[in-house]
Amino acid sequence: MKAIVPGSFDPVTTGHIDIIERAAKVFDEVIVAVAVNLEKADTFSMEERIEFLRDGCGHLQNVRVDWFNGLLVDYVEKHDARVVIKGLRAISDFEFELQMALMNKRLNEKVETLFMMTSAEHSFLSSSLVKELAAFGAPLKGLVSPLVEQRLIERMKKIKREVAG
Ligand code: PNS
């Protein structure tokens, strides 16, 4: 069976990779689908986010990385899948994830959202927190891949230069 792991992945963290690795053990085929985000101001371009994910998922034979623009349920249907996998960190994730899962069910009742609990060591991790750490020069080892770490440092330097004028 095929599963879709959707997200913004701006950028991908070791917490995301953990969920993708575990999904790849349960499902025959996993598509990691990067969403074109209408609301959030992205730090990294779609090309960069895909590059980071391909780098982080290179060791997983049954995982491929793709992107989509539009409704997740339409993407799932187009790819002949039925299952969406989401990672759940703490109680704080639950409300919004429940809202999205119910809305997706209303949009297409064939699509099932399955939740995977984040491993304890990643339960505090998020892309936004990682970006904040990078902005203040805190160590990122273990939170993101070496490639993402290097590019985050470069990006934050660029942003600081732009702000300083
Ligand atoms: O990593 P994120 O930001 O929590 O991922 C959220 C994402 C991309 C899965 C969600 O925003 C999404 O599915 N966007 C696609 C547009 C869509 O289908 N919106 C209706 C969701 S109920």
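**Exercise 1.** By about how many helical turns are Glu162 and Lys158 separated in helix H6?

*Solution.* The model is predicted: local features need pLDDT of at least 70, side-chain atom pairs count only at pLDDT 80 or more, and totals for chains, interfaces and linings use all residues. Residues are numbered from 1 along each chain as its sequence is written, and side-chain values use heavy atoms, with hydrogens and water left out.

Step 1. Helices are DSSP runs of H or I with at least four residues, strands are runs of E with at least two, and both are numbered from the N terminus.
Step 2. Glu162 and Lys158 are four residues apart in helix H6, so about one helical turn separates them.
Step 3. Their side chains form a salt bridge at 3.4 Å, N to O; the term requires a side-chain nitrogen of Lys or Arg within 4 Å of a carboxyl oxygen of Asp or Glu.
Step 4. Buried means under 20% relative accessible area, exposed over 50%, and partly exposed in between (1.4 Å probe, protein chains only). Glu162, at 52%, is exposed, and Lys158, at 41%, is partly exposed.

**Exercise 2.** Determine which parts the salt bridges Lys110–Glu77 and Glu97–Lys86 tie together.

*Solution.*
Step 1. The whole structure has ten salt bridges.
Step 2. Lys110 and Glu77 meet at 3.0 Å, N to O. Lys110 sits in the loop between helix H4 (91–107) and strand S5 (112–117), and Glu77 in helix H3 (residues 72–78), so the pair links parts 33 residues apart in sequence.
Step 3. Lys110 is partly exposed at 45% relative accessible area, and Glu77 is partly exposed at 40%.
Step 4. Glu97 and Lys86 also meet at 3.0 Å, N to O. Because Glu97 belongs to helix H4 and Lys86 to strand S4 (residues 83–88), this bridge joins parts eleven residues apart in sequence.
Step 5. Glu97 and Lys86 are both buried.

**Exercise 3.** Classify the two aromatic pairs of the structure.

*Solution.*
Step 1. Rings of Phe, Tyr and Trp (its six-membered ring) pair if their centres lie within 6.5 Å; planes under 30 degrees apart are stacked, over 60 edge-to-face, and the rest tilted.
Step 2. The ring centres of Phe44 and Phe52 are 5.1 Å apart with planes at 85°, so this pair is edge-to-face. Phe44 and Phe52 are both buried.
Step 3. Phe68 and Tyr75 form a tilted pair, with 5.2 Å between centres and 35° between planes. Phe68 is buried at 8% relative accessibility, as is Tyr75 at 5%.
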